[in-house]
Amino acid sequence: MPALWLFITVLVLGLAGFVLGRKRVMADAGGDIRKLHSLPNYYGANVMLSALIPSLGLLVLWLIVQPMIVQATVASHIPTENYADSGALNLLMSDVRRVADGLTLAVSQGALSPQAAQDLTGADDVRGLLGNLGIALGTDIEDYVLTAAQEYRVKSNTGNWIMTVAVIAAGVLGFALALRATSKSHRARNSVEKVILALLIGAASIAVLTTIGIVFSLIFNTIEFFKLYPADEFFFGTTWAPSFGGGSELGILPLFWGTFYISIISLLVAVPIGLFAAVYLSEYAGPKMRGIAKPLLEVLAGIPTIVYGLFALITVGPMLVGLFGKDGSFGVNWMQGGSAVMTAGLVMGVMLIPFISSLSDDIINSVPQAMRDGSLGLGATKSETIKQVILPAALPGIVGAILLAASRAIGETMIVVLGAGAAARLSMNPFEAMTTVTTRIVSQLTGDADFSSPEALVAFALGMTLFVITLCLNIVALLIVRKYREQYD
Amino acid sequence: MSDLSSSQNGAPKNSLLKVDARTKKRNASEARFKAYGIGAIALGLCFLVTLLVSILGNGVPAFKQTFITIPVELTESKLDKSGTRDLEVMKKVTTFGYKPLVENALVAALEKEGIENPFAKAKDLAKLLSSSAPAQVRDVVLDNPNLVGQTVEFRLLAGSRVDGYFKGRVTRDALARDKNLDAAHLDIADAMVAAGMMDTTFNADFVLGADASESRPEQAGIGVSMVGSLFMMIVVLCLSLPIGVAASIYLEEFAPQNKWTDLIEVNISNLAAVPSIVYGILGLAVFIQFAHLPQSAPLVGGLVLTLMTLPTIIISTRASLKAVPPSIRDAALGIGASKMQSVFHHVLPLAMPGILTGTIIGLAQALGETAPLLLIGMVGFIASNMPDGIASGFLDPNSAMPAQIYEWAKRADPAYYERAWGGIIILLGFLMTMNIIAVILRRRFERRW
């Protein structure tokens, strides 16, 4: 029975449990709701949950574990002379799975009888057969692949049958036990609430699971990469020249340089504008001006980065070439193409303005009014108050905001993918194309490379570096902001 | 005191009425500082205006398309030799079979209108038409086999360069270096417009249609990737709303002050700041490499975006739970509700408008996100088919709106840039609607305590 139908069956069982549980307890109390410990619905819910939780838990567990076990046993039966290493075995197994799925499809469409599918040998034209059903196979199927696929099917089928029986049995067992325990003195609400609390805790833990997932998915592949490529050459190499034919040089320094150069330019644009805007909005502007300008600036933050990327590629790049390029208005010939550090940096700066202005605005607003009053009372002008009292008081928070903005700039992808170019070089000229860590992650992972080559795996090492850098920046920034907030709360 | 009285007796050295140099300097610096502030805001708004003008100016033409209206004779001997109108037989005639019909129809139409045609070969003249024109005719014929043998009026797409000429993208000078179209074609095009055979009108296919191959920008539309985005948003909504609300309820209402709670809180604030591309790597490694979910499927995209938006939703939900005053909880507990009942029956409904607002804003963020989608393979192919049903909508490869825009931006033909900007207008339209709904929800239902 397919998992979907099994799921529906179990759900129906649960619903039946709800109705029966409720009915039973009402009968037990003789229809008098006051004799019950909990409201009647809790008794129903109790039976329902007792049926659903063990069966659905088992179902999910089974769906995860069974393919692993089947795959391991089938893989162990493939003669070792047919593959060189574990990577080749993985490829082989994906072939096996595809053939097995194809055979199953063929049976379900009636092109083969179940027996005939098991009787196929390498001599039959399996590839043609599956090709007719729309399953394309790269090469002709070797004998051992077919045997393995047939074994895979048999094992999966048996597994599925056992799963169906086990899941339904677990559901019925939970159902029966809970129904038997249902009586008017049973504390149904307490047990139902315990389950709900467990669900809430589970949901909250997903955040931790996500972090663990990120770390693990990066770490394993990064270790794999460092097995193939020396770590010191990666961290200190000054050339980035991946070639999928082998013999690549994968030094991260040029990428770092591009990333930091672009981030610095973007911060040079965003910090003064954002900070002055925040100061003006919180200290000078009347409520009307504030009500109009603040949301308008924040529109900039709501625009997706792909829009900024396109803006950089099509509008800003050619405009800068028109100013600084060959035959440009300034006649300086600094810029060859539209994709350049300057292009990406400027546009990213625009993107970061609202980020800096709204964070600094909050921080400036949380400086106590008494400090302003004191300074103004001593005869300082408004701008002197701001420069000598408010900004120093708000400085740690503003530094935190700038760090958060920096971490955003470093991790930003679409603007640099479209605006910064693809050439990895160490150069001081901001009008030259350079490339960044994020751009290279995209280009290394969207190619057709297989995941076992250092050229693809390097993306995970780059991702790891990026993750660690942004994580450090974020933690420092959050600590600063939090510490500062406590001072005036 | 004596100092004061002595200065009062003599002539006042510095009067408040007379501005001295130092005060002047301070006032000037005050004025300057204020001007910097206004300048910064003006600059920011100026960027916003430039961005919007550039989006609208470049994107609006994408919604219009040039069409050529000509009668095409559907010759029976070419399209259905057997004369049986049997669909299976007629399907054997490929678009190559239709091509001469369309080309000859164009030549005939020009002759009829008396427009001079300098091209000897019909093939050269047919560069006016999109290369998808024969396929357009074929689709109509296969839908309605009885048309064979008649002369039917068709509204065919003009080629992208002809289209660009009417939108000002292609100039005669630029054509000198272009071997796909000559200036003579443009003369014919002008004459055809005068004769009413060619017109540039609103193109619904751009909004509803599918993507096309690199050489046919005039045919490309964003409809299929819109459906892909829709399925992704369904996944995001169905997962992130319940999980986010449950997590926030736990953290805000039940969590004891201990290490585990601290860890979760630190984690959430960090996840909110992790670069989105890292989520893409996570999705690639966990959902595709490890769990073997299909590549490019909206389901996978939805899962990745869910993980990405969860922190946003949790943070805003916690804020709105916190805004419900403790007296509500106390009152519920006081009349005998359990803690769980007080939260689910009283606190949660009161916090709902705030939660929904936060969720909509989170969804808007997810809708515009591109970087993680690149890594799970939602670019690099042509999203040409609408999904057949709900299951295939979730599992079959599809694109998403921002990924489609990126794909167009990467293609070399400038006609695709226009499409990309047009796609952005649609995307921003969706985002604006969502944000306006969020604002309205907040204005109408949020209570101040």
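Predicted model: local features only at pLDDT ≥ 70, side-chain atom pairs only at ≥ 80, totals over all residues.
**Exercise 1. Domains**

Into which domains are chain A and chain B divided?

*Solution.* Step 1: chain A has domain 1 (3-186) and domain 2 (240-488). Their C-alpha centres lie 49 Å apart. Step 2: chain B has domain 1 (2-59), domain 2 (62-210) and domain 3 (223-445). In chain B, the C-alpha centres of domain 1 and domain 2 lie 66 Å apart.

**Exercise 2. Strand pairing in chain B**

Find the partners of strand 1 (residues 64-73) of chain B. Do they run parallel or antiparallel to strand 1?

*Solution.* Step 1: start with strand 2 (residues 151-157) of chain B. Seven bridges join strand 2 to strand 1, and the two run antiparallel. Here B:Thr69 stands opposite B:Arg155. Step 2: move to strand 3 (residues 198-202) of chain B, which pairs with strand 1 over five bridges, also in the antiparallel sense. In strand 3, B:Phe202 is the bridge partner of B:Lys64.

**Exercise 3. Where the chains touch**

How many residues does each chain bring to the contact, and which helix of chain A gives the most?

*Solution.* Step 1: chain A brings 67 residues and chain B brings 67 residues. Step 2: on the side of chain A that touches chain B, helix 7 (residues 188-228) gives the most, with 20 residues. Step 3: sort that side of chain A by residue type. There are 45 nonpolar, 19 polar and three charged residues.

**Exercise 4. Annotated spans**

Check two spans of chain B that the unreviewed UniProt entry annotates as "transmembrane region": residues 297-315 and 420-441. How much helix does each hold?

*Solution.* Step 1: residues 297-315 of chain B are 95% helix and 0% strand. Their end C-alpha atoms are 28 Å apart. Step 2: residues 420-441 of chain B are 100% helix and 0% strand. Here the end C-alpha atoms lie 31 Å apart.

Methods:
Residues numbered from 1 in each chain as written. Chains lettered and ligands numbered in written order. Domains from an automatic or database assignment. Pairing = 2+ DSSP bridges. Helix = DSSP H or I, 4+ residues; strand = E, 2+ residues; numbered from the N terminus. Contact = placed C-beta atoms within 7 Å. Nonpolar A, V, L, I, M, F, W, Y, C, P; charged D, E, K, R; others polar. UniProt positions renumbered as here; feature names shortened; annotations may be inferred.
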